[in-house]
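Subject: Structure for you to look through

Dear colleague,

I am handing over the structure we spoke about, and below it I have written down what was found. Please keep it open while you read.

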Amino acid sequence: MLKRYRYRAYPTGEQQHALSQLFGCCRVVFNDALAARESARRAGRPIPSKSELSAALTAAKTTPERAWLAEVSSVPLQQSLADLHRAYANFFDSRTGKRKGRKVGAPRFKKRTHRQSARFTRNAGVGVLEPGGGSGFVRLPKIGRVRYESSRPLPAGPSSVTVIREADGRHYVSFVVDEPARVVVPAPPARAAGVDVGLTDLAAIVYDDGTREKVDNPRWLRSKERGLAHAQRAYSRTMKGSRNRDKARRRVAVAHRKVRETRWDHHHKLALRLVRENQAVALEGLSVAGLARTRVAKSVHDAGWSTLRRLIVEKAAGFGVVVHTIGRWEPTSQVCAGCGVRDGAKPLDVRVWVCASCGLVLDRDYNAAVNVLLAAGLVERVNACGGSVSVCLHARTR
Ligand SMILES: [Zn+2]
């Protein structure tokens, strides 16, 4: 199982300079290859293949305009080309429906002011040294030994190392490690959870033993989101090319990181709790809750949802927990979990309703979570008033 370990890195001034140069080279290689593909496409010529682009890169290093590409390690440059191919493959698969989930756009040119990254593979001569005490060092060709802060040691040698400079100027190293899934003994309690990701709350969770809970978004997330919106407005008011614009952009990046970290931390804790305390977890495959919202709010919500789902799936493997993903076509908010009668979509502001068929009072989010449990086959609907479903619906906790 491939796992990512991401740590904050502290390159020295000299290393930052060398990394800047490397990021610039990776960006140029990516953008050159993208331009070559696009101009071929516009001219109706065949799209250059992976090996042709790679050969073009080798040739470019001998020209005066691109000679500086030879000054950095060649592995990250090749990885940049590989990234471009992946981006195109994702784009085409998404367009033809082979790739599920949110639509992937065509690759775009990389900008100097955005997040920068360079990836080294194992064969690039990368070395990792972790003497303990929270410090680690990664040796990168032509950069040197870069220090990072490690919260826990890597379980095995990494298959690749990505150096990242976020838009706010912070550096990170991200290791990909192939580690065997370990099953924790003793086995987790024999309980199943159905999760519905909500709009106002982060999630409504119903357990097959009849307990249930709603998990809030962290209190301080809202204020950090307000801070981000404020920084974005301030940025949009600055003049193009001005020094203030640079400063404002940096502030947007910092605000962005704070929102991301807060949300990630919260998701991480929820995912860990779910896999620790349950034998099986059922989730919706895709967020369908946000159809009526604005595009921006929806994309944020979807990104959060897919992170939460990924974290649950990743952690579940380590705890021997089964994750059931139910199809997005399951109308979880349109069906009464008690009797199974489908009485149509309800506006988002309807939080509670009475089933016209069986008279149950239904909380929108809990009802959806029970429907998720049902669709995963983790509880049964014996009849209108009995069986485990009604236990889940009637339980009153917290
Ligand atoms: Zn009903």
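Is Arg351 buried, partly exposed or exposed? Please bear in mind from the start that this is a predicted model. With a relative accessible area of 28%, Arg351 is partly exposed, since a residue counts as buried under 20% and as exposed over 50%. Arg351 is placed in the loop between E12 and E13, and its C-alpha atom lies 6.1 Å from that of Asp363, although 12 residues separate Arg351 and Asp363 in sequence.

To give you the overall picture, the protein has 8 helices and 14 strands, and of its 398 residues 43% count as buried. If you take the contacts between residues at least 6 apart in sequence, 65% of these join residues that are at least 24 apart. The protein exposes about 21,400 Å², of which carbon and sulfur atoms supply 53%.

The zinc site

The zinc ion has as its protein donors the SG atoms of Cys336, Cys339, Cys355 and Cys358, which lie 2.2 to 2.3 Å from the ion. The arrangement of these 4 donor atoms is tetrahedral, because the angles they subtend around the zinc ion run from 108 to 112°. For comparison, the ideal angle for four tetrahedral donors at a metal is 109.5 degrees. Along the chain, the donors of the zinc ion follow the spacing C-x2-C-x15-C-x2-C. The pair Cys336 and Cys355 links distant parts of the chain, with Cys336 in the loop between strand E12 (322-326) and strand E13 (352-354), and Cys355, 19 residues away, in the loop between E13 and strand E14 (361-363). Both Cys336 and Cys355 are buried.

Strand E13 also holds Val354, which counts as exposed because its relative accessibility is 52%. Together with Val352 and Val361, Val354 makes a nonpolar surface patch of about 270 Å².

Contacts between parts of the chain

Cys26, which is placed in helix H1 (residues 13-43), is buried, with a relative accessible area of 2%. Leaving aside neighbours within four places in sequence, Cys26 is in contact with Pro76, Leu77, Ser80, Ser117 and Ala118. In the case of Cys26 and Ala118, the two residues are 92 apart along the chain, while their C-alpha atoms are separated by 6.6 Å.

Ser117 and Ala118 are also among the residues touched by Thr162, which lies in strand E6 (residues 160-165).

Thr113 is found in the loop between helix H3 (74-96) and strand E2 (116-121), and at 19% relative accessibility it counts as buried. Apart from neighbours within four places in sequence, Thr113 is in contact with Ala167 and Arg249.

Thr307 lies in helix H6 (residues 295-319) and touches Trp264 and His267, if residues up to four places away in sequence are not counted. Between Thr307 and Trp264 there are 7.7 Å from C-alpha to C-alpha, and the two are 43 residues apart in sequence.

Salt bridges

Side chains of opposite charge can pair when their charged atoms come close. How many salt bridges does the structure hold? There are 21 salt bridges in the structure, and one of them joins the side chains of Asp265 and Lys269, at 2.9 Å from N to O. Asp265 and Lys269 are separated by about one helical turn, because they are 4 residues apart in helix H5 (residues 243-277). Asp265 is partly exposed, at a relative accessible area of 33%, whereas Lys269 counts as exposed at 52% relative accessibility.

In helix H6, Glu314 and Arg310 are likewise 4 residues apart, and therefore separated by about one helical turn. Glu314 forms a salt bridge with Arg310, in which the closest N and O atoms are 3.2 Å apart. Glu314 is partly exposed at 23% relative accessible area, and Arg310 is partly exposed at 43%.

Asp343 forms a salt bridge with Lys346, with the closest N and O atoms 2.9 Å apart.

Definitions and conventions:
Residues are numbered from 1 along each chain as its sequence is written. This is a predicted model: local features need pLDDT of at least 70, side-chain atom pairs count only at pLDDT 80 or more; totals for chains, interfaces and linings use all residues. Side-chain values use heavy atoms; hydrogens and water are left out. Donors are N, O and S atoms within 2.8 Å of the metal (3.2 Å for Na, K and Ca); water is not among the atoms, so sites may look incomplete. Four donors count as tetrahedral if all angles lie between 85 and 135 degrees; four count as square planar and six as octahedral if opposite donors are over 155 degrees apart and all others between 65 and 115; anything else is irregular. Helices (H or I, at least four residues) and strands (E, at least two) are DSSP runs, numbered from the N terminus. Buried means under 20% relative accessible area, exposed over 50%, partly exposed in between (1.4 Å probe, protein chains only). Patches are made of residues with over 30% relative accessible area and no salt bridge: like charges are joined within 9 Å, nonpolar side chains (Val, Leu, Ile, Met, Phe, Trp, Tyr) within 5 Å. Accessible areas come from the Shrake-Rupley method with a 1.4 Å probe; for residues, only the protein chains shown count as cover. A salt bridge is a side-chain nitrogen of Lys or Arg within 4 Å of a carboxyl oxygen of Asp or Glu. Contact means heavy atoms within 4.5 Å.
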